[in-house]
Amino acid sequence: MPMAPEVDGEERRLHPFSWLFVLITQLREVALPLIILVLFGRGDWWEFLALVGALLLALYSLIYSYGFRYRIGGDELRVREGIFDRTERHIPFARIQNIARRSNVLHRAFGVTELRLESGGGLKPEAVMKVLRVADADALVALLRARRTATAATEGETPPPLPASEVLLHLPLPELVRYGLISNRGMVVVAGAFAAVWQFSPSQPRNIMRVPMNWIEQAFGEVAAQHYSVMTMALGGAFVLLLLFALLRLLSVLLAILVHHDFKLERDGDRLGAGGGLLTHAHGSARIDRLQMLHLEESLLHRLFRRMSLKTEVAGGVREYNDQSGKLHWLAPIARPADIDRLLAHILAAPPLSALPWRPLHARAWRRRARWPGVFWLMLSALATFWFGPVGLLGLLGLPWTVMSARGWAGFTRYAMDDRFLAYREGWWSRRHALIELDKLQAVTLKQSPFDRRSQMASLRIDSMAADPLGAGIEIPYLPVAEARALFAVLSRRCASAR
């Protein structure tokens, strides 16, 4: 029977078929090595070893599923794992901050889901329930929310009235197509597949590349036999490149649909949830006050389509689990700038980005930006001239581009601060924005290199309370030293008061 959302203290187990899902998860992690052992083994014992490994994984899945039990107490969740070596964890409801759910095709066929509960810190989730009935998961999530409200009332706080659940953003199919065209994830997948093949069989990529090379040789042979003109060959080559580009973009669109199909950003009281997916549906949720730094991405293609992307860092968990659990990450994979401003205002009561009091960097920031790329082009041109003669002077063409890009970067890069928020933006062709509430500052660092001291400049590094060590913070470079020290003093006081 589905679990009722009240506290009953009864010990519960996972779904009867949970062992199957655990087995599939384990096999997925070792599937490629097992396939290589079977296909490229030189003796029968390789196949036997692969079979033994699969049987051991199946046995582990059965033991894990049978030994996992949980109990709902008055103010905590108790989780017990293991049969021979047992581990029991007591997780207070007040400690659980982030909830992530994940359901693939097999999950939906059995009417189950995977649930992960995370605290505000730590290197792994507080509890990972591999397979729960959907009704049980819904009831447990409702119980956690109810217990938080009851805890606030017990401590003498008056919980604010929670608004009704509402959809803040829903991405239709045309928007996902645009996102696929902008993201270009197809090239990333192709490069990753090529690297994986190279890792397991260094000679295999060469064999694979012989196929298109033979096609190219045959094509050039046909071209030479037909005596086509240079213009015809150039047009043919351009058509082939355009076809490859179109195929990569088509792959990117398909990946965008697979990952973000029916993507919705929803607000349910004081929690924010987002997720989607065609085959595997991943949904993450977190309390709004656990959102840390917000990042906005705006590449050249974003601007051509008049779109932006918005993602967030959430306190709790690390990237190792984020990629698998569906933890709240994307708030808007793609949206119009006006929708981004609306989301910022609705979620954080933040002003529009264009209304912030943006301040520039040091007047000579572009020179510092262009210095080392300029040295690179000079050295490259000198070496090319030494080896190839006057034609090597063409490397000097990189200097005007370096100066132009440095001026463009310095012209756009700004920072802004009001009584609640600190914002930073940088870039030229590709631009990014970062926004953080001052009450969520974790660390502020003032840095000065020898070149900074010579130029009377300094830089600031600002980090949030997000537990992900790979999360990108804010680094404001090339500030006038007096302005940097004044800003550092203000942020340090806010950082100390936030603790």
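**Exercise 1.** In this predicted model, describe how the axes of helix H12 (residues 365-388) and helix H13 (residues 398-412) are placed relative to each other.

*Solution.* Two packed helices are described by the angle between their axes and the distance between the axes. The axes of H12 and H13 come within 9 Å, and they cross at roughly 160°. Angles over 145 degrees count as roughly antiparallel, so H12 and H13 are roughly antiparallel to each other. Their crossing is right-handed.

**Exercise 2.** State which residues make the contact of H12 with H13, and how they divide into nonpolar, polar and charged.

*Solution.* H12 contributes Trp366, Arg369, Ala370, Pro373, Gly374, Trp377 and Leu378. From H13 come Gly398, Leu399, Thr402, Val403, Ala406, Arg407, Trp409 and Ala410. Of the residues in this contact, ten are nonpolar, three polar and two charged.

**Exercise 3.** Give the strand order of the seven-stranded open sheet and identify the strands at its edges.

*Solution.* The order is S14-S13-S12-S18-S17-S16-S15, with antiparallel pairing. Strand S14 (330-335) and strand S15 (359-360) each have a single partner strand, so they stand at the edges and one side of each is left without a neighbour in the sheet. S15 is joined to strand S16 (residues 414-417) by two bridges. Pro360 stands opposite Arg414 in S16.

**Exercise 4.** Find what helix H5 (residues 173-183) touches on the sheet, and which strands helix H11 (residues 337-348) lies across.

*Solution.* H5 packs on the sheet and touches strand S13 (308-314) and S14; the direction of H5 makes about 90° with that of S14. H11 lies across strand S12 (291-298), S13, S14, strand S17 (421-427) and strand S18 (431-437). The angle of H11 to S14 is about 160°.

Notes: Residues numbered from 1 in each chain as written. Predicted model: local features only at pLDDT ≥ 70, side-chain atom pairs only at ≥ 80, totals over all residues. Heavy atoms only, no water. Pairing = 2+ DSSP bridges. Helix = DSSP H or I, 4+ residues; strand = E, 2+ residues; numbered from the N terminus. Contact = heavy atoms within 4.5 Å. Axes fitted to C-alpha atoms, helices over the stretch in contact; angles between N-to-C directions. Parallel < 35°, antiparallel > 145°, perpendicular 65-115°, else oblique. Left-handed = near helix turned anticlockwise from the far one by under 90°. Nonpolar A, V, L, I, M, F, W, Y, C, P; charged D, E, K, R; others polar.
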